[in-house]
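Open the model in your viewer and keep the selection panel at hand. This tour goes stop by stop.

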Amino acid sequence: MNYLLKSNKKNKIKKPLIIISVIVVVIVLLRFITPNFLPNSFHFIARPLWKVEDFVSFKFGHLVSYFQSKKILTDENNNLREQISRMNIQLLSNAVLVKENKDLKEAVGRIFSKNQVAAFVLTRPPQSPYDTFTLDVGADFQIKKGDNVVVGDSLWIGKITEVYSNTSIATLLSSSNHPLNLVIARTGLPITVYGQGGGNFEAQVPRGVVVLEGDILVPPGLNNLLVAVVSSVEINPEDSFQKIFGKIPQNINTIKTVDIDRGNYLEIDSKILKAEDKTSSSTNSLKR
Amino acid sequence: MKNNLLRIIGGIVLFIMVFYGPWWLFLFSALAFMFLFDNYYEAIVASVFFDALNGVISPRFSIKNFLFLISISCAFVLIIYIKRHLSFYSD
């Protein structure tokens with residue numbers, strides 16, 4: 001008597017399906033019961049590995065230049081020298097403006113002292129798909145959620161969104177569909193821009209408003225920060241609005257260090273306070 | 001034996017991708033290894049790592065918290081189903 005062989009193909013798909021469902025349910029539950037447990041422990045494991053990567057790229061990154069031709073290197077060197085000399089001139093004029101800005105703020109009694117922490121970038125896009133940076137400082141440096149992340153002295157690129165024991169995650173302002181209220185520095189026009197990922201922004205303003213390529217977008221208020229530069233303006237004759245495309249003026253894939261601004265502390269000039277006290281006391285005495 | 005060795009090497013490559021590679025290369029290699037090896041659970045574990053390292057925790061349920069876990073799990077089931085219907089993989 002012949003028997004047909006029983007197919008175990010159904011079991012073949014059933015078993016992995018059950019295992020995967022269990023894993024997914026456990027992970028989702030774990031994330032809700034103790035949201036920080038998995039990220040904290042994985043960041044603890046990953047931090048030394050990312051540090052090794054930084055060390056290796058720092059030590060051996062220059063090895064590439066050994067395999068490049070001399071002519072390319074000379075050309076690149078000349079270009080860089082030219083750029084440096086141009087930037088030096090710009091830097092000089094910037095220094096004058098910074099001094100003038102500080103003097104003006106002092107005159108109105110508003111001096112800001114910065115409370116910043118330098119941090120190394122451990123991972124950056126395109127490694128992370130959500131437009132986030134992993135930084136090598138966390139709760140150990142009193143970093144808090146909402147702290148601003150700045151490159152150089154004035155380029156505001158993101159905010160701290162997660163803090164672990166010795167790492168933190170910064171989400172870029174350009175993360176997808178993230179709305180941001182900014183001002184066009186040249187005209188003072190307030191606009192709402194939306195993040196498009198990868199350091200790009202998009203906004204819509206009425207067609208009558210003059211926006212030029214190269215316009216600087218800054219956050220409103222008294223600060224020395226800039227967020228993006230208008231890279232192009234798209235005008236459709238049938239549309240009553242024009243589209244503005246902005247870009248962070250630095251390649252986010254190559255940023256190695258950032259500063260975390262733990263909050264600006266407003267220092268009211270003591271001289272002005274005294275002067276205000278005097279005027280208020282004199283007006284009070286006059287009233288009497 | 002050779003297959004096991006390849007599987008272990010694949011696992012190491014996948015975990016290197018989690019820490020150092022761009023997200024799209026990680027996703028591509030996970031899919032490739034799931035096609036190459038039977039029941040490649042390493043990809044699921046790696047995706048848990050990836051989400052925990054790069055994801056941002058939100059107070060509400062958001063698919064963004066488990067984007068890689070869910071997409072790789074779906075791909076895992078789909079690949080088993082496809083392999084079942086391919087004569088190349090039939091036992």
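**Stop 1**

Select residues 265-277 of chain A. Here pLDDT stays under 50, and the model has 20 contacts beyond four places in sequence for this stretch. pLDDT is the predictor's confidence in each residue, from 0 to 100; a contact means heavy atoms within 4.5 Å.

This is a predicted model: local features need pLDDT of at least 70, side-chain atom pairs count only at pLDDT 80 or more, and totals for chains, interfaces and linings use all residues. Residues are numbered from 1 along each chain as its sequence is written, chains are lettered from A and ligands numbered from 1 in the order in which they are written, and side-chain values use heavy atoms, with hydrogens and water left out.

**Stop 2: chain A as a whole**

Color chain A by pLDDT. Its mean is 79, and 82% of its residues reach 70 or more. Now pick out strand β14 (residues 265-268) of chain A: among the chain's elements it has the lowest mean pLDDT, 40. Strand β6 (residues 168-172) of chain A has the highest, 91.

Switch to cartoon. Chain A has 4 helices and 14 strands. These are DSSP runs numbered from the N terminus: helices are H or I of at least four residues, strands E of at least two.

Of the 288 residues of chain A, 31% count as buried, that is, under 20% relative accessible area with a 1.4 Å probe, protein chains only. Among contacts in chain A with a separation of 6 or more, 59% join residues 24 or more positions apart.

**Stop 3: Gln127(A)**

Select Gln127(A), in the loop between β2 (116-123) and β3 (132-135) of chain A. Is Gln127(A) buried or exposed? It counts as buried because its relative accessible area is 7%. Show its neighbors: leaving out residues up to four places away in sequence, Gln127(A) touches Trp50(A), and from chain B residues including Phe19(B), Tyr20(B), Trp23(B) and Asn54(B).

**Stop 4: the cavity**

How much space lies in the largest cavity? About 50 Å³. A cavity is a set of points on a 1 Å grid over the protein atoms alone where a 1.4 Å probe fits but cannot get out; lining residues have an atom within 4 Å of a point. The volume is the space filled by probe spheres set on the points, which are joined across faces, edges and corners.

Select the lining, which includes Ile27(A), Arg31(A), Asp51(B) and Phe66(B). α1 (9-33) of chain A and α3 (42-54) of chain B are the elements that give two or more residues. The largest share, 4 residues, comes from α3(B).

Conventions. Buried < 20%, exposed > 50% of the residue type's maximum accessible area, 1.4 Å probe, protein only. 1 Å grid on protein atoms, 1.4 Å probe; cavity = no way out; pocket = protein on both sides within 12 Å on 5 of 7 lines; lining within 4 Å.
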